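Reader: I am new to this structure and would like to go through it by question and answer. Please show it before we start.

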Amino acid sequence: MTALAGPSADAFWAQSLRRWNAVCWVLFAAMAVGLAAMDRPGGSRYWALALLGSVVLCYALLDRFPGNPVVRPHVYLSVLVLALGGLAYLRSSYAALFMVTLPHYWMFGRTPRASMGFLGLATAATLAGSWSRQGWSLEFFSETLVSTLIVVAVGVLIGLWAHSVVAQSTERARLIVELERTQAELSEAHQRQGAADERERMARDIHDTLAQGFASIVVLAEAARAQLASDPARSAQQLRSIESTARENLAEARELVGSAQQRDGAAAGSVARTLRRILDRFAEDTGLTVGADLADVVCDQQTRIALLRCTQESLANVRKHARASTVGVILARRPYGVELEVTDDGTGFVPEESAGFGLDGMRKRLAELGGRLTVTSSVGDGTRILAMIPLETSGEARDKRHEGTG
């Protein structure tokens, strides 16, 4: 067995020592009275009292001044071993002292190896002292040897059991500390991940709403300034579009700051009507031909927001990059889910070389709902954006699932 260490072991032995102190002082006093009352020739009574006194003095110093540099625990145990041998030689209450101090080997030895070593020395000193007085007599074998070995055996078993209990308690305390530390680290990691996810969500929402609105305002403002002298009516219409877009952006900003659960244009109702308004505004602002086939799909809040954001991002890409003349939008309900298709006849691009935030944001938004984004394009052949969200994420499918389990 290895040495016990840590707060649990220290607390155990400190508490045990405090409880045993009171018993020890009473027993020491009883032994002193007994030795003083005996009448032995040759002054053996005084030698016995001196040996007992040395043990009591060392024990008192160690108990009252545990940090003193002279009487350390192993010094006290060494004095105890010598006193037991001397009392056994004098035949003066050595057995009583042995039993009274038996727990001290485990309290002050601190490790099983040291405790067993001092206990073995005490046993050997006791038997040697008794043998010096009695020799190889029947009394030595029948009384001294047998009784001493029995007492030592019981002490060893009790001491090993106590150390086993302390070892288990120390290990349990260590595991609890590690578990608490791991839980704290896991909680901190979850908080960091949650904050990162929230920042990413906010960045995606800002990009899909405010950034697109501001880009639209910039384009409309440039067009209105260019046509201010040649076509005032057209410029006035564009200014009205700028005002309307700015109001919508202001509403979106308020919702983002307030962490509103529902976004403008994604409230309960038909997502087709919301997309129709977006397409009408897009056609008015850009002058492009917009064709739409929008099924009256009823879906849940998250799906509506995803369809809305994907449409806005696709149209923003058409406005900024495609140089297209025609845009087509199809919203359809399929057996496996909801599909949104946005096509244009613009210049196209190479999807593998795209490093923009918009497409990546759409992919992540759809992935959160179990969906996927497919981008098909090549230079000069236009672009096709296909967003698919599984049927299980729609409100109607969820209602059917609840009815099936109800």
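**The sheet and its neighbours**

Author: Valine 329 stands opposite valine 342 in β3. This is a predicted model, in which local features need pLDDT of at least 70 and side-chain atom pairs count only at pLDDT 80 or more, while totals for chains, interfaces and linings use all residues. Residues are numbered from 1 along each chain as its sequence is written, and side-chain values use heavy atoms, with hydrogens and water left out.

Reader: How many helices and strands are in the protein chain?

Author: Helices (H or I, at least four residues) and strands (E, at least two) are DSSP runs, numbered from the N terminus. By that definition the protein chain has 11 helices and 5 strands.

Reader: In what order do the strands form the open sheet?

Author: Two strands pair if DSSP finds at least two bridges between them. The pairing in this open sheet is mixed, and its 5 strands follow the order β1-β2-β3-β5-β4.

Reader: Why is one side of β1 and of β4 left without a neighbour in the sheet?

Author: β1 (289-294) and β4 (372-377) stand at the edges of the sheet. One side of each is left without a neighbour there because each has a single partner strand.

Reader: In which sense do β2 and β3 pair, and over how many bridges?

Author: β2 and β3 form a hairpin with 2 residues between them. Glycine 328 stands opposite threonine 343 in β3. The pairing of β2 and β3 is antiparallel, over 8 bridges.

Reader: Which residue in β5 is the bridge partner of valine 342?

Author: β3 is joined to strand β5 (residues 383-390) by 8 bridges, and the two run antiparallel. The partner of valine 342 in β5 is isoleucine 385.

Reader: How many of the 8 residues of strand β3 are buried?

Author: Buried means under 20% relative accessible area, exposed over 50%, and partly exposed in between (1.4 Å probe, protein chains only). Strand β3 (residues 337-344) is largely enclosed by the rest of the structure, because its buried residues number 7 of the 8.

Reader: Is arginine 323 buried or exposed?

Author: Arginine 323 lies in the loop between α9 (301-322) and β2 (326-334). Its phi is near 50°, a positive value in a residue other than glycine. Because its relative accessibility is 68%, arginine 323 counts as exposed.

Reader: At roughly what angle do the axes of helix α8 and α9 cross?

Author: Two packed helices are described by the angle between their axes and the distance between the axes. Axes are lines fitted to C-alpha atoms, for helices over the stretch in contact, and angles run from 0 to 180 degrees between N-to-C directions. The axes of helix α8 (residues 271-286) and α9 come within 10 Å, and they cross at roughly 15°.

Reader: Are α8 and α9 roughly parallel or roughly antiparallel to each other?

Author: Angles under 35 degrees count as roughly parallel, over 145 as roughly antiparallel, 65 to 115 as roughly perpendicular and the rest as oblique. α8 and α9 are therefore roughly parallel.

Reader: Which residues in α9 does α8 meet?

Author: Contact means heavy atoms within 4.5 Å. On the α8 side are Val271, Thr274, Leu275, Ile278, Leu279, Phe282, Asp285 and Thr286. In α9 they meet Arg304, Leu307, Leu308, Thr311, Gln312, Leu315, Val318 and Arg319.
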